[in-house]
Amino acid sequence: MKTKHILGAFAAFLCFFISTAFAADSQWVASEGAKLKRDHAASSETIATLPIGTEVTVLNSEKSWRYIRTPSEQEGWIYRGRLSDSPPEKEAAGTENLFGSLTGSRISADEADTGRSIRGLSTETEEYAKKTGTPVSYQKALDRVLAMRVSEEELVVFLRKGKIGEYAP
Amino acid sequence: MRPDPGFDPEVRKEKSMKKGCAGIWALIILMITVCPSGTPSAKENNRVKTAVNEESTGSGPLVEEGPLRLAGLLDKLLDPESKERKILEGATSIMSATGEIDFKSERTIGESLALEAFRRYGMPVNDPALQKYVNLVGLAVASNSLRPEIPYVFVVVESPLQNAFSCPGGIIFISSALFKTMETEAQLAGVLAHEIAHVAHKHALKSIKRARFFQGVGKITSATMKGDKGKQFEDMIGNLQNILFDKGLDQNMEFEADQSAMKTAYRTGYNPTGLMAVLEELKRIEAGSTKKGSWFSTHPPLSERLKRCREQLPLYPDQANLAQLPERFKEQKARVLK
């Protein structure tokens, strides 16, 4: 009877081990501008740019690259840093993205005027500045800071020149 | 242990629980508020029970009233102009004040604080090329941070104090003095990733969640900047200045930001020990540095931070192969030293 229990427990453990060892690994795209590549190199052809939150199945890996399948059955390579083990939290509608542009699909009607990149300080901040007697020079300085923009292309060139992440040799 | 760390599941769980609770509370408030035309109150229940009895005597079909009213309520909720919909929106807005502050309001707090930061620390270094470089490094790490979808901006300010801090909404400051203590781009990336982590974890917002300003207010609008509320907003910004510029955030928030910073730098492809190198250098110069208003007074003891960072290193077995970029950084440092 005791032997039967031990054998049963061993079989259950084996089943669990096999199922976890061979189960496809689910991960999520967690970075802005995550590119799906034909091969495991940044210079390889880009198949698609995957939106944040896309759940993917990791099928293989090669150094810092993961071979994945997307929900639309596309397969390709992605740099490991672009993935996370759990789904990232989405920002609410109306928020500008990392590069300061409003993405149409996520803009709610009542917040469609959130054009901070063009307008600078919010009206509420201007009101705060007025009430607290903040010098105009500070407001202008903050306007310039908020107007600073880096495009996605500039960032790619910067990373490539520095051989950072997916651009490392 | 996986060498490829993902997001902290505890943080996500905490956030989703808060959202769920806010939604439930909003619904409860709505149900209580619209009770006369929706779900029956105890008094109304008695009336319905009486009506059921009356129906059995043939006086009317009131037994169907509850479900019909509920269906009516749902119809009204779908109408954006209805009173019920507005009550629900208001309740959700108030709930969001105790749970999550919307991004527009978060950014307004950040902008107001940034104005005070210029007053306290100094104006931006007048060098567009340097500011651009810092923004490129900052956005490189921000794109792989816990919160990659908001428009971060980074600014180097002229200040003799070694300091870096983040305003809610993603406005991140680094002093010229702290910049001068660094030697590589990976070190700058580590410090910026630490500040990004504070924004991503909403550490400053958590510190003012119970501010009087947010009692009965869900979001910041022009109307809330006037009268008593306007005064309470100023008090809240004053309180935040005290936390970020003098007292410092909770020590556990700092340790959490260090941990997230190493993970973010690593995911981007920078050597995650960059942050540690800055902490080591600060430790070396601590004795001869001004403490008030600097990283020395607003952050936990450097030896404890370094110890905790070292404990993270097994997560990054290939860190030695990752980018450090001392040469590219040197060119920019020369601009600050001019």
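Trainee: Which residue just after helix 5 of chain A takes a positive phi?
Mentor: A:K163 does, at about 55°. Helices here are DSSP runs of H or I with at least four residues, strands are runs of E with at least two, and both are numbered from the N terminus. The model is predicted: local features need pLDDT of at least 70, side-chain atom pairs count only at pLDDT 80 or more, and totals for chains, interfaces and linings use all residues. Residues are numbered from 1 along each chain as its sequence is written, chains are lettered from A and ligands numbered from 1 in the order written, and side-chain values use heavy atoms, without hydrogens and water.

Trainee: OK. Which residues of helix 5 of chain A are buried?
Mentor: Helix 5 spans residues 152–162, and A:L155, A:F158, A:L159 and A:G162 are its buried ones. Buried means under 20% relative accessible area, exposed over 50%, and partly exposed in between (1.4 Å probe, protein chains only).

Trainee: Why do they line one face of the helix?
Mentor: Down the axis of helix 5 of chain A, the buried residues fall within an arc of 95°, so they line one face. The arc is taken from the directions from the helix axis to the C-beta atoms.

Trainee: What does the face turned away carry?
Mentor: Exposed residues A:E153 and A:K161.

Trainee: And what do the buried residues of helix 5 of chain A pack against?
Mentor: Chain B: helix 6 (128–142), helix 8 (185–200) and helix 15 (326–337). Contact means heavy atoms within 4.5 Å. Also, the charged end of B:R328 sits over the ring of A:F158, 3.7 Å from its centre. That needs CZ of Arg or NZ of Lys within 6 Å of the ring centre and within 35 degrees of the ring normal.

Trainee: Switching to strands. How many bridges join strand 4 of chain A to strand 5 of chain A?
Mentor: 5, and the two run antiparallel. Strands pair if DSSP finds at least two bridges between them. A:N60 stands opposite A:Y67 in strand 5 of chain A. Their hairpin has 2 residues between the strands, and A:K63 takes a positive phi near 50° there.

Trainee: Now rings. How many aromatic pairs are there over all chains?
Mentor: 15. Rings of Phe, Tyr and Trp (its six-membered ring) pair if their centres lie within 6.5 Å; planes under 30 degrees apart are stacked, over 60 edge-to-face, the rest tilted.

Trainee: Are B:F165 and B:F173 stacked or tilted?
Mentor: Stacked, because their centres are 4.9 Å apart and their planes are at 15°. B:F165 is buried at 5% relative accessibility, and B:F173 is buried at 1%.
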